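Here is a short report on one protein model. Look at the structure first, then read on.

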Amino acid sequence: MKMRTVLKGVLGVAVTVAATAVIPAGPAQAAYVCSKGEVCLYEHYDRTGSVFVVPFGKNGMGKISDFRAYTFFNGTNLNDKVSSIDNRSDHLLTLYSNVDLKGPYQRIYANTKFSFSGLRFPNELKNDQSSSLQVTG
Ligand SMILES: [Ca+2]
């Protein structure tokens, strides 16, 4: 019984070390795959680079009024850096150019992927501009 507990502890450490070694792998690292119900914001086009998973929980609703208070998983500040989105929730996501849900915006409907790499109109929200968001009904 005691031996088993010790073994389990050693295995736990081995797994932790392996996981830590994988995280800083850089560009070759596979991008985060957004789970069903989550809203994921990515640092680069087409769901690549680091990720920020909206912390309302799966299919949760709410708003983030100021991206400056948040970072991607890699520590880069979230503000003015979002380049693509995977909205796997059942809710409407709206990204805004300014803090407090103001300025040009982009709607990303439930269960929709979006990348800012496409052609844009002059008054629309552009790549690397998002500063706040809302997830609603
Ligand atoms: Ca970006």
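## One residue and its contacts

Start with Leu 95. Leu 95 touches Val 82, Tyr 105, Gln 106, Leu 125, Ser 130 and Leu 133, leaving out residues up to four places away in sequence. Two residues are in contact if their C-beta atoms, placed from the backbone, lie within 7 Å.

This is a predicted model: local features need pLDDT of at least 70, side-chain atom pairs count only at pLDDT 80 or more, and totals for chains, interfaces and linings use all residues. Residues are numbered from 1 along each chain as its sequence is written.

## The core

The largest nonpolar core has 21 residues. Such a core is a set of buried Ala, Val, Leu, Ile, Met, Phe, Trp, Tyr and Cys residues joined through C-beta atoms within 7 Å. A residue is buried if 20 or more other C-beta atoms lie within 10 Å of its own. Leu 95 is among the residues with the most contacts inside this core, as are Cys 40 and Leu 41. S1, S2, strand S5 (92-98) and strand S8 (132-136) each give two or more residues to it. S1 gives the most, with 4 residues.

Of the protein's 137 residues, 27% count as buried.

## The sheet

The protein has 1 helix and 8 strands. These are DSSP runs, numbered from the N terminus: helices are H or I, at least four residues, and strands are E, at least two.

An open sheet holds 4 strands in the order S2-S1-S4-S7, with antiparallel pairing. Strands S2 (48-53) and S7 (112-115) are at the edges with a single partner strand each, so one side of each has no neighbour in the sheet. Two strands pair if DSSP finds at least two bridges between them. S1 (residues 39-44) and S2 are joined by 4 bridges. In this pair, Leu 41 stands opposite Phe 52 in S2.

How values were computed. Buried ≥ 20, exposed ≤ 12 C-beta atoms within 10 Å, placed from the backbone.
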